[in-house]
Amino acid sequence: MIDLRRLQVLRSVHQHGTVTAAAAALHLTPSAVSHQIRELARELQTPLLEPHGRKVRLTPAALVLVKHADDLLARWEEARSALEAFRAGASGMLRLSGFPTAMALIAPAAVLLQERNPGLQVTVRESESEEGFKLLLADETDVLLLTPTDSGPAPDDPRFDQQPMMSEPLDLLVPADHPLTKKKKLALADAGCEPWILPVPGTCDHHDRAMVACAVAGFTPHVAHHATDWSAVAALVACGLGISLVPRLTELPARYELVRLPLTVEPVPTRQIMTCVRRGSRQSPQIQQALRALEEVVEDRVALAAAS
């Protein structure tokens, strides 16, 4: 028998490349990580690390073990889910994470969960998608809302179970007196000559999403100002310094005179919002309840947006 926690530590060393980096991801000290791997090697009676210059690397035997680690840990999550079924998900702790604007979905879902299960302790943590994957692997969150990025894990990554939740349109954000508000049919290309407000490249995936959308529409936007926080974007747009694209469910400060213009001419830019859990854990009663609550919130928000 082996300790699955030690197997997870070995997988983390393989993923991050060094003991020090794995220790940081797992919130352990490097000496603790080394100790866990030594104990795992003793249990298996097989060396798992070998010197490589001034560092160490996984032995061929360790690499073979890592290939099986994803399946072993996924089966363990399935076993945990089956055991939790006896408790019906009505008590314990449920941890939800997501990117900043996803809080508009996660927060009301957390309220629904606590109202329906007073014994269930629900905690919420804001995290960008890349950090959220690390939280899942470190068993520090249970359900993650994310938007796919080029640097994220592939959809078939054996460590995760990623499923689409909704496709969210991006609207054009303009000042209340902007000429584009008078157009009955609006294409993104109609904003091609406007000054734009976008995040600094490399700081937020919304920058890349907006640039791709503009390229598909046939133009490269002139970025006059940079801002990441939606309150900052709203302030700049309201003062007439430029326009921007904003996800439809993003809440903006009511004090600014702004208009969100739905784009009606194809192609309409969108962003995908996904749910992600550790592979094997999706059937957990608590996680099932969380996913249902999120689906209800999404349905309400979509209906409200359609009505307005």
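**Labels and their cut-offs**

Mentor: Start with helix α2 (residues 19-26) and helix α3 (residues 30-44), which pack at an angle of about 105° with their axes 8 Å apart. Keep in mind that this is a predicted model, where local features need pLDDT of at least 70, side-chain atom pairs count only at pLDDT 80 or more, and totals for chains, interfaces and linings use all residues. Residues are numbered from 1 along each chain as its sequence is written, and side-chain values use heavy atoms, leaving out hydrogens and water.

Trainee: Why are α2 and α3 called roughly perpendicular to each other?

Mentor: Angles of 65 to 115 degrees count as roughly perpendicular, under 35 as roughly parallel, over 145 as roughly antiparallel and the rest as oblique. The angle here is about 105°, so α2 and α3 are roughly perpendicular. The axes are lines fitted to C-alpha atoms, for helices over the stretch in contact, and angles run from 0 to 180 degrees between N-to-C directions.

Trainee: Which residues in α2 and α3 meet?

Mentor: V19, T20 and A23 in α2 meet P30, V33 and S34 in α3, where contact means heavy atoms within 4.5 Å. Four of the residues in this contact are nonpolar, two are polar and none is charged. For those classes, Ala, Val, Leu, Ile, Met, Phe, Trp, Tyr, Cys and Pro count as nonpolar, Asp, Glu, Lys and Arg as charged, and the others, Gly among them, as polar.

Trainee: What makes P164 count as exposed?

Mentor: Its relative accessibility is 58%, so P164 goes in the exposed class. P164 lies in strand β6 and touches I273 and M274, again leaving out residues up to four places away in sequence.

Trainee: What makes strand β11 (residues 270-278) mostly covered?

Mentor: Seven of the nine residues in β11 are buried.

Trainee: Why do you say that the buried residues of helix α8 (residues 230-238) line one face?

Mentor: Those residues are W230, V233, A234, L236 and V237. Seen down the axis of α8, they fall within an arc of 165°, so they line one face of the helix. The arc is that of the directions from the helix axis to the C-beta atoms. What covers them includes β6, α7 (205-217) and β8 (222-226).

Trainee: How many helices and strands are there in the protein chain?

Mentor: Nine helices and eleven strands. Helices (H or I, at least four residues) and strands (E, at least two) are DSSP runs, numbered from the N terminus.

Note on methods: Buried means under 20% relative accessible area, exposed over 50%, partly exposed in between (1.4 Å probe, protein chains only).
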